[in-house]
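Here are my notes after going through the model, point by point. Have it open as you read.

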Amino acid sequence: MTTTPGTTLGAMIRTWRDRLPPSAAALPVSRTRRATGLRREELAELAGISVDYIVRLEQGRATTPSAQVIASLARALQLTTAERDHLYRLAHLVPPAGGTISDHIPPGVHRVLTRLGDVAVAVFAADWQLIWWNRSWAALLGDPSASPAQLRNFARDKFPVAASPARLALWPVTEQDRDTVDAAVVSDLRRATGRFPQDTRLAKLIHDLTGGNRRFAELWATGTVAAHRENHKTIDHPSVGPVTVDCDILTDGDSEHKIVIMTAAPGSEDETKLRLAAVAGPQLTSNSSLARR
């Protein structure tokens, strides 16, 4: 049986890469640029995978990418839900089903995020898994891309197991009301278990934290159900010194994505420090300039 031309996994990745202008991914566009869509190097950077692997996928020499790779490509290419599901099937994978957590950011939401300028913003899935962040976020807290993707989880940082290191902030972060934030994160995770009862990643997270962190187990036992909406924290930044920020959390519809935005009071010294940190850029753990999974 022959394959219809232009419908293979590699062909579709090329098609979607060619249609996405770099401006839509907040990438700089030079006057001498010939490519109208993303270059392979740019897609590799946005998706957090190697250029060589992109080449092998597009040339059909790699045909069985993992679900994690497909999810990263779908986000980087800003695919719709239907397109994302098609990409999964082309890779011989089952698309995310109802009752499971989605890491997919809709194109419209992605466009809004890339237009927030220098505001430090990140997106977490319903289980507090970090799935997207911008350059200002990495500049403020450190670039988390050096950490394994499966460990970039705010709840795991809040409630470490066996003295595991923090993955989402490279320098000390102090919360104004730690007890309240701890309780809010745990109750938010309990809410997620009702919303996504079939999700194995969430189930494993709860299993690991209840068995490995006494504080989490105590809070989990209270049975509280609520959402985590805001807090205030101070980041001990190595270049600009302590920065106190307001941390507001917006929720994206049925997917329960958490859009976390960090700002400082207008005209304050903290706002000046935020801007200086953004100018300095990410404190090096990778050379990424945009988010990746």
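1. Starting with K258: this lysine sits in strand β6, which covers residues 257–263. Is K258 buried or exposed? Its relative accessibility is 4%, and the cut-off for buried is under 20%, so K258 counts as buried. Keep in mind throughout that this is a predicted model.

2. What does the K258 side chain pair with? There is a polar contact of 2.7 Å between the side chains of K258 and D188. Leaving out residues up to four places away in sequence, K258 touches A122, V123, F124, A125, A126, W128, D188, I249 and L250.

3. V123 counts as buried because its relative accessibility is 2%. Beyond four places in sequence, V123 touches I105, L113, Q129, L130, I131, W132, H257, K258 and I259. Among them, H257, K258 and I259 fall in the residue range of β6, 257–263. If you want a distance to check, the C-alpha atoms of V123 and A139 are separated by 16 Å, with the two residues 16 apart along the chain.

4. Now the strands. β4 (residues 230–237) and β5 (residues 241–252) pair in the antiparallel sense, with eight bridges. D236 is placed opposite P242 of β5. The two strands make a hairpin, and three residues lie between β4 and β5.

5. β5 also pairs with β6, again antiparallel, over seven bridges. Which residue of β6 is the bridge partner of I249? That would be V260.

6. Next, E175, which is found in the strand β3, residues 173–175. E175 is buried because its relative accessible area is 15%, under the 20% cut-off. The side chains of E175 and K158 are joined by a polar contact of 2.6 Å. Apart from residues up to four places away in sequence, E175 touches F154, K158, V181, H232 and K233. H232 and K233 lie in the range of β4, residues 230–237. From E175 to A192 is 17 residues in sequence and 23 Å in space, C-alpha to C-alpha.

7. The second largest pocket has a volume of about 440 Å³. It is lined by 24 residues, and the closest to its centre are F154, K158, V173, E175 and K233. Elements giving two or more residues to that lining are α7 (135–141), α8 (154–158), β3, α9 (178–195), β4, β5 and β6.

8. Last, confidence. The chain has a mean pLDDT of 87, with 94% of its residues at 70 or more. Where does pLDDT stay under 50? That happens over residues 285–293, for which the model has 42 contacts beyond four places in sequence.

Methods:
Residues numbered from 1 in each chain as written. Predicted model: local features only at pLDDT ≥ 70, side-chain atom pairs only at ≥ 80, totals over all residues. Heavy atoms only, no water. Helix = DSSP H or I, 4+ residues; strand = E, 2+ residues; numbered from the N terminus. Buried < 20%, exposed > 50% of the residue type's maximum accessible area, 1.4 Å probe, protein only. Polar contact = N/O pair within 3.5 Å; in protein donor to acceptor, adjacent residues only side chain to side chain. Contact = heavy atoms within 4.5 Å. Pairing = 2+ DSSP bridges. pLDDT = per-residue confidence, 0-100. 1 Å grid on protein atoms, 1.4 Å probe; cavity = no way out; pocket = protein on both sides within 12 Å on 5 of 7 lines; lining within 4 Å. Points joined across faces, edges and corners; volume = space filled by probe spheres on them.
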